[in-house]
Amino acid sequence: DVSGSVFDTVSADDRQYVRNERLGVQDQFKSLIKGLPPDKVKSFIWTFDDGVREGPMSAEEFTPRIGGGGTDCVSSIASIVSQDKWKNYDGIVVLTDGFFSGNWPKNMFKAKKMLFILTNSHSTVSLPEGCRKIVTTID
């Protein structure tokens, strides 16, 4: 989730990304993914806010940044896992504040294979029942 309200700010005059301390959670996420042993874990990153922004990409290719408006987590991830190449995923990790809505289709998502890494200020209302959660100390 790279929605603007979660991780960063954009200057109004030139639409440049302005780094702030909250972007650190994306940097930490990138470090975590890069630290996974490549002979045991093959990971791919997509970014989304009101739709998929980028991906798939490796942790090396991922540059922390923000997107735009609201967050459409469910349909963004559904648009990825509905593709034949990604249907048989081993796990989904979502970095988000949890402020989104939508229903997780049970035939498409296996809640036990989903991990949500949540910012300190977060909501769990729209997370799928039975998923795993980690709450960070970063707002």
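Which elements cover the buried residues of α3?

View 1. The model is predicted, with local features requiring pLDDT of at least 70 and side-chain atom pairs counted only at pLDDT 80 or more, while totals for chains, interfaces and linings use all residues. Residues are numbered from 1 along each chain as its sequence is written, and side-chain values use heavy atoms, without hydrogens and water. The cover of the buried residues of α3 includes β3, β4 (52-57), β5 and β6 (114-118). Helices (H or I, at least four residues) and strands (E, at least two) are DSSP runs, numbered from the N terminus. Of the 9 residues in α3, 7 are buried: Cys-73, Val-74, Ser-76, Ile-77, Ala-78, Ile-80 and Val-81. Buried means under 20% relative accessible area, exposed over 50%, and partly exposed in between (1.4 Å probe, protein chains only).

**View 2. The sheet β5-β6-β7**. Three strands form this open sheet, and their pairing is parallel. β5 and β7 (132-135) are the edge strands, each pairing on one side only. On average, neighbouring strands of the sheet are turned by 20° against each other, direction ignored; axes are lines fitted to C-alpha atoms, for helices over the stretch in contact, and angles run from 0 to 180 degrees between N-to-C directions. The parallel pairing of β5 with β6 runs over 5 bridges, where two strands pair if DSSP finds at least two bridges between them. Leu-95 stands opposite Ile-117 in β6.

**View 3. The ring pair Phe-44 and Trp-86**. The structure holds 6 aromatic pairs. Rings of Phe, Tyr and Trp (its six-membered ring) pair if their centres lie within 6.5 Å; planes under 30 degrees apart count as stacked, over 60 as edge-to-face and the rest as tilted. Phe-44 and Trp-86 have ring centres 4.8 Å apart and planes at 65°, so this pair is edge-to-face. The two residues are 42 apart in the chain: Phe-44 is in the loop between α2 (24-34) and β3 (45-48), and Trp-86 is in the loop between α3 (73-81) and β5 (92-96). Phe-44 is partly exposed at 35% relative accessibility, whereas Trp-86 is buried at 13%.

**View 4. The cluster of Phe-100, Trp-104, Phe-109 and Phe-116**. Ring pairs link these four residues. Phe-100 is buried, with a relative accessible area of 7%, and Trp-104 is buried at 11%.

**View 5. Charged groups at Tyr-89 and Asp-84**. The charged end of Lys-110 sits over the ring of Tyr-89, 5.0 Å from its centre; the criterion is NZ of Lys or CZ of Arg within 6 Å of the ring centre and within 35 degrees of the ring normal. Asp-84 forms a salt bridge with Lys-87, with 3.1 Å between the closest N and O atoms. A salt bridge is a side-chain nitrogen of Lys or Arg within 4 Å of a carboxyl oxygen of Asp or Glu, and by this rule the count is 1. Asp-84 is exposed, with a relative accessible area of 65%, while Lys-87 is partly exposed at 40%.

Note on methods:
Contact = heavy atoms within 4.5 Å.
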